[in-house]
Amino acid sequence: MQLENYIRSINDFPKPGIAFKDITPLLNSPEATSACLDKLLKMLGDQKVDKVVGIESRGFFFATLLAQKLNAGFVPIRKPGKLPHTTISRSYALEYGDDHIEMHIDAIEKGDRVLLHDDVLATGGTAKAACELIEHLGGQIIQCNFLMELEFLNGRDKISGYDVQSVLKF
Ligand code: AMP
């Protein structure tokens with residue numbers, strides 16, 4: 001199955017100059033979603049994982065599927081002001097703007113083996129901030145995996161200390 005055929009590129013969204021990678025055609029196909037999940041699991045191998053951390057919002061889809069398959073907990077990282085309990089936060093630079101992300105202070109226990117997941121690795125700023133949140137709580141990052149990587153933005157350089165995997169490269 002050619003998974004790249006299920007990723008739609010939308011030019012100039014949400015801002016001029018950005019080619020947005022739309023994963024809704026992938027999510028709309030149970031066969032493609034299942035094939036993609038299998039690839040993510042294969043990249044992880046038989047490593048034990050306690051928590052799968054997904055980044056808002058498109059990282060949530062596969063992070064929850066991965067957590068179920070791995071019998072691990074799912075942890076959301078969200079945009080400011082969305083999580084109801086006490087949070088920790090980190091600022092980050094996005095391909096299109098600046099923001100910060102938050103995680104519940106009790107979402108990860110010291111020594112937890114953590115898989116970080118998001119849909120797109122672009123400049124790597126979001127993933128780097130997410131790694132900092134996880135490690136601040138004492139989590140051990142086993143792998144950072146992505147549905148796709150925009151190689152021309154060199155995002156993996158920002159998280160070079162980790163095992164970085166992506167299903168598709170553009
Ligand atoms: P970055 O911090 O630059 O690596 O950006 C990664 C985050 O921004 C991810 O959560 C993506 O969902 C989103 N993102 C960045 N660039 C794109 C893009 N071209 N298409 C879709 N999502 C993107």
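# Side-chain pairs in a predicted model

Trainee: Phe74 first. What is its relative accessible area?

Mentor: Phe74 has 30%, so it counts as partly exposed. Keep in mind that this is a predicted model.

Trainee: OK. How many aromatic pairs does the structure hold?

Mentor: There are 2 aromatic pairs in the structure. Take Phe13 and Phe20: their ring centres are 5.1 Å apart and their planes sit at 85°, so this pair is edge-to-face.

Trainee: Is Phe20 buried or exposed?

Mentor: Phe20 is buried, because its 13% relative accessibility falls under the 20% cut-off.

Trainee: What lies over the face of Phe170?

Mentor: Lys21 does, at 4.3 Å from the ring centre.

Trainee: New topic, salt bridges. How many are there?

Mentor: The structure has 9 salt bridges. One of them joins Lys51 and Asp112, at 2.7 Å from N to O. Lys51 is in strand β3, residues 51-55, while Asp112 is in the loop between β6 and β7, which puts them 61 residues apart.

Trainee: Are those two buried or exposed?

Mentor: Both Lys51 and Asp112 are buried. Asp112 has a relative accessible area of 9%.

Trainee: What else does Asp112 touch?

Mentor: Leaving out residues up to four places away in sequence, Asp112 touches Asp50, Lys51, Gly138, Gly139 and Gln140.

Trainee: Asp119 next. Which residue does it bridge to?

Mentor: Asp119 bridges to Arg58, with the closest N and O atoms 2.8 Å apart. Asp119 is in strand β7 and Arg58 in the loop between β3 and α3, so the pair ties together parts 61 residues apart in sequence.

Trainee: How accessible is each end?

Mentor: Asp119 is buried, at 4%. Arg58 is partly exposed, at 27%.

Trainee: Last one, Arg90. Where is it, and where is Glu132?

Mentor: Their side chains meet in a salt bridge at 3.5 Å, N to O. Arg90 is in strand β5, residues 87-94, and Glu132 is in helix α4, residues 125-136, 42 residues apart. Arg90 is partly exposed at 25%, and Glu132 is partly exposed at 29%.

Trainee: Which residues make up the network there?

Mentor: Salt bridges link Arg90, Lys128 and Glu132 in a network.

Conventions: Residues numbered from 1 in each chain as written. Predicted model: local features only at pLDDT ≥ 70, side-chain atom pairs only at ≥ 80, totals over all residues. Heavy atoms only, no water. Phe/Tyr/Trp six-rings, centres within 6.5 Å; stacked < 30°, edge-to-face > 60°. Buried < 20%, exposed > 50% of the residue type's maximum accessible area, 1.4 Å probe, protein only. Lys NZ or Arg CZ within 6 Å of the ring centre and 35° of its normal. Contact = heavy atoms within 4.5 Å. Salt bridge = Lys/Arg side-chain N within 4 Å of Asp/Glu carboxyl O. Helix = DSSP H or I, 4+ residues; strand = E, 2+ residues; numbered from the N terminus.
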